[in-house]
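Please keep the sequence and the 3D view open while reading.

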Amino acid sequence: MRLTRLWLEWGRPSAARVLEKKLGVRKVASGVSSPGSLSPRALNVFDRDLKRKQKNWAAQQPDPMKFDYVREEVGSRIADRVYDIARDFPLALDVGCGRGYIAQYLNKETVGKFFQADIAENTLKNTLETEIPTVTVLADEEFLPFRENTFDLVVSSLSLHWVNDLPGALEQIHYVLKPDGVFIGAMFGGDTLYELRCSLQLAETEREGGFSPHVSPFTAVNDLGHLLGKAGFNTLTVDTDEIQVNYPGMFELMEDLQGMGESNCAWNRKALLHRDTMLAAAAVYREMYRNEDGSVPATYQIYYMIGWKYHDSQARPAERGSATVSFGELGKINSLISQGKKSQ
């Protein structure tokens with residue numbers, strides 16, 4: 001695997017321009033966001049620089065695979081959705097790839113070449129093995145440095161819930177897709193870690209007279225279809241799933257979240273919690289949600305989305321009023337079929 005750092009400066013030597021031409025790269029100041037570079041319409045909810053540091057720290061741990069279990073599972077499910085499409089993809093992009101949790105489940109017969117983009121350089125230096133020829137690119141999900149109509153397939157797994165401008169990120173994914181290209185993504189849903197959220201809120205309210213958000217906000221599933229359509233995608237599919245993991249206790253769950261690089265990075269997060277509040281939250285968690293074996297569950301809700309970029313060859317809905325059978329006649333379909341069999 002190659003690590004390609006896209007610091008695309010205007011006055012670079014000609015050799016860098018050759019690299020840009022090969023990669024199909026748009027001219028941007030950097031593949032990573034800088035302060036003040038948000039779209040005017042974007043809500044500045046997350047500290048993206050802190051998120052990059054969290055992911056880099058997690059990737060440097062002695063055994064990062066210990067915390068990969070949720071990403072591994074979701075990556076395999078996205079790969080299954082890729083295999084469900086009866087075609088091959090010469091050029092694919094993974095947005096927010098992490099350590100390459102999707103590519104490891106795909107084969108070179110399905111994907112010819114894989115570009116893996118992530119905001120954290122340490123994750124790109126520690127990517128998982130895959131048989132597909134792979135290029136790693138240091139780039140922010142909110143600022144993709146690729147030209148229009150570049151990729152046949154774009155995938156993203158458990159990364160887009162941390163972007164400040166989700167509509168803009170989806171528009172950029174649509175931009176870099178070729179006509180008739182497909183986007184397959186997954187992100188955490190609104191019910192993710194509801195057990196942890198409720199326990200912290202109850203304990204903090206009881207001990208400190210109020211609570212602050214300790215779990216980041218998530219997009220509602222009802223909004224995803226609208227956002228995908230507004231970004232230009234058609235033939236949309238959005239579905240939800242849940243993964244439940246059991247832990248010895250709340251503190252083990254929080255340790256694993258840190259190891260995943262999934263600690264809260266919202267600007268309005270509280271810097272710390274008092275020790276007695278944390279102990280009270282752990283007790284509330286165990287009292288409200290404890291399993292019979294003494295462990296406590298944590299729920300990860302996953303939103304899966306599929307959207308296609310328009311092409312003339314795609315099937316289109318019939319014009320309004322062109323139907324030859326009314327809905328009122330659909331109830332008679334069984335009797336019509338039985339009459340047809342009798343006549344034979």
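## Parallel pairing around β5

Strand β2 (residues 89-95) runs parallel to β5, and four bridges join the two. Strands count as paired if DSSP finds at least two bridges between them. Helices (H or I, at least four residues) and strands (E, at least two) are DSSP runs, numbered from the N terminus. Opposite Val95 stands Ser156 in β5.

β5 also pairs with β6: six bridges join them, again in parallel. Phe151 has Leu177 of β6 as its bridge partner. From β5 the chain crosses through α5 to β6, and this β-α-β crossover is right-handed. Right-handed means that, with the strands pointing away from the viewer, the path from the first strand over the helix to the second runs clockwise. Strand β5 (residues 151-157) has seven of its seven residues buried, so the rest of the structure largely encloses it. Buried means under 20% relative accessible area, exposed over 50%, and partly exposed in between (1.4 Å probe, protein chains only).

## Basis of the model

This is a predicted model, in which local features need pLDDT of at least 70 and side-chain atom pairs count only at pLDDT 80 or more, while totals for chains, interfaces and linings use all residues. Residues are numbered from 1 along each chain as its sequence is written, and side-chain values use heavy atoms, with hydrogens and water left out.

## The chain as a whole

The protein chain holds 10 helices and eight strands. Of its 344 residues, 49% are buried. Among contacts between residues at least 6 apart in sequence, 78% join residues at least 24 apart. Contact means heavy atoms within 4.5 Å. The chain exposes about 17,400 Å², and carbon and sulfur atoms supply 52% of that area. Accessible areas come from the Shrake-Rupley method with a 1.4 Å probe; for residues, only the protein chains shown count as cover.

## Strands β3 and β4

Five bridges join β3 to β4, and the two run parallel. Ala117 stands opposite Val137 in β4. Strand β4 (residues 134-138) is mostly covered, with five of its five residues buried. In a regular strand the side chains alternate between the two faces of the sheet. Here both faces are covered: Thr134, Thr136 and Leu138 are buried on one side, Val135 and Val137 on the other.

Is Asp118 buried or exposed? Asp118 is buried, at a relative accessible area of 0%. The residue lies in strand β3 (residues 111-118). Beyond four places in sequence, Asp118 touches several residues, including Lys55, Gly96, Cys97, Val137 and Leu138. Its side chain makes a polar contact with the side chain of Thr123 at 3.5 Å. A polar contact is a pair of N or O atoms within 3.5 Å; within protein, one must be able to donate a hydrogen and the other to accept it, and residues adjacent in sequence count only if both atoms are side-chain atoms.

Asn56 sits in helix α2 (residues 48-59). Asn56 counts as buried at 7% relative accessibility.

In helix α7 (residues 221-230), Leu224, Leu227 and Leu228 are buried. Seen down the axis of α7, its buried residues fall within an arc of 95 degrees, so they line one face of the helix. The arc is that of the directions from the helix axis to the C-beta atoms. Asn222, His226 and Lys230 are exposed on the other side. The buried residues pack against α5 (166-176), β6 (177-188), β7 (234-247) and β8 (296-308).

Thr219 belongs to the loop between α6 (194-208) and α7. Thr219 counts as buried at 18% relative accessibility. Its contacts beyond four places in sequence include Leu224, Leu227 and Tyr303.

## Positive phi angles

Most residues other than glycine have a negative phi. Asp180, not a glycine, has a positive phi of about 70 degrees. Asp180 is in strand β6 and counts as buried at 16% relative accessibility. Thr235 has a positive phi near 50 degrees. Thr235 is in strand β7 and is exposed, with a relative accessible area of 52%. Just after α7, Gly232 takes a positive phi of about 110 degrees.
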